[in-house]
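I am opening a new notebook page.

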Amino acid sequence: MRARIRAGDREAFADLYDQYARAVYNHALRLTGDWSEAEEAMSETFLAAWRTRDAVEPEGGSLKPWLLGIATHKARNSNRSLRRRLAFLARHPQPPAVEDFADESAGRIDDARRLAAVHDALGKLRRQDREVFALCVSAGLDYRQAAESLGIPVGTVRSRLSRARARLARLSSAQLDQKEPEPRGHRGEVESEAAFAAMFLQEETG
């Protein structure tokens with residue numbers, strides 16, 4: 001696969017897309033917290049992968065770490081762009097709200113709230129820790145693969161992941177108490193913000 005990708009084999013690249021598009025999208029979604037931003041980041045990831053295919057090492061295992069490394073960079077740029085747009089909107093009057101009458105909107109609103117809750121919790125982490133958490137806990141990469149994705153030592157991955165987990169655990173009670181009341185029994189299912197984040201982030205989204 002690696003040799004074919006390096007050689008610009010379009011069929012091999014199509015197979016690469018089919019195999020990892022969902023993983024790339026989900027990773028971008030976890031980092032951006034926005035469906036449209038995640039879709040854009042996914043598209044840009046595979047475009048960048050095609051343009052830089054000659055950087056793929058001839059020998060090695062899965063190309064997932066390489067793709068998720070690109071996706072992490074694209075999501076990082078997307079978040080910067082989003083902050084600029086929000087700053088622009090803050091300087092202008094807010095347009096009047098338009099009511100959405102679509103029946104299926106209720107489910108999407110609920111999904112959006114869950115995603116926002118997780119993204120809010122992860123947003124309290126340092127960017128570097130959040131990226132490692134998303135790669136290791138959510139995307140399922142091991143320490144070596146995460147280090148390969150980010151271009152950092154394995155020891156740095158370990159320390160950042162440990163710091164991220166500790167930070168999420170400290171946020172648990174305060175964060176959950178600030179959320180809207182949940183159906184009875186839900187609180188018992190989610191004992192901490194870290195558990196909530198891990199539970200949701202491991203789901204397939206999209």
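My entries follow, and I note at the start that this is a predicted model.

**Entry: Thr-45.** I looked up Thr-45 and found it in helix α3, which covers residues 35-51. Is Thr-45 buried or exposed? Its relative accessibility is 0%, and the cut-off for buried is under 20%, so Thr-45 counts as buried. I then listed its contacts, leaving out residues up to four places away in sequence. Thr-45 touches Val-24, Leu-67, Ile-70, Ala-71 and Lys-74.

**Entry: α6 and α7.** I turned to helix α6 (residues 127-138) and helix α7 (residues 143-150). They pack at an angle of about 135 degrees, and their axes are 9 Å apart. That angle makes α6 oblique to α7. The crossing is right-handed. On the α6 side I noted Glu-131, Val-132, Leu-135 and Cys-136. On the α7 side I noted Tyr-143, Ala-146, Ser-149 and Leu-150. I sorted these contact residues into 6 nonpolar, 1 polar and 1 charged.

**Entry: salt bridges.** How many salt bridges does a search of the whole structure find? It finds 6. Asp-9 pairs with Arg-4, with the closest N and O atoms 3.1 Å apart. Asp-9 is partly exposed at 27%, and Arg-4 is partly exposed at 35%. Asp-129 bridges to Arg-126 at 3.7 Å between the closest N and O atoms. Asp-129 is buried, at 3% relative accessibility. Arg-144 and Glu-148 also form a salt bridge, at 3.7 Å from N to O. Both lie in helix α7, 4 residues apart, about one turn of the helix. Last, I found Arg-76, Arg-127 and Glu-131 linked in a network of salt bridges.

How values were computed
Residues numbered from 1 in each chain as written. Predicted model: local features only at pLDDT ≥ 70, side-chain atom pairs only at ≥ 80, totals over all residues. Heavy atoms only, no water. Helix = DSSP H or I, 4+ residues; strand = E, 2+ residues; numbered from the N terminus. Buried < 20%, exposed > 50% of the residue type's maximum accessible area, 1.4 Å probe, protein only. Contact = heavy atoms within 4.5 Å. Axes fitted to C-alpha atoms, helices over the stretch in contact; angles between N-to-C directions. Parallel < 35°, antiparallel > 145°, perpendicular 65-115°, else oblique. Left-handed = near helix turned anticlockwise from the far one by under 90°. Nonpolar A, V, L, I, M, F, W, Y, C, P; charged D, E, K, R; others polar. Salt bridge = Lys/Arg side-chain N within 4 Å of Asp/Glu carboxyl O.
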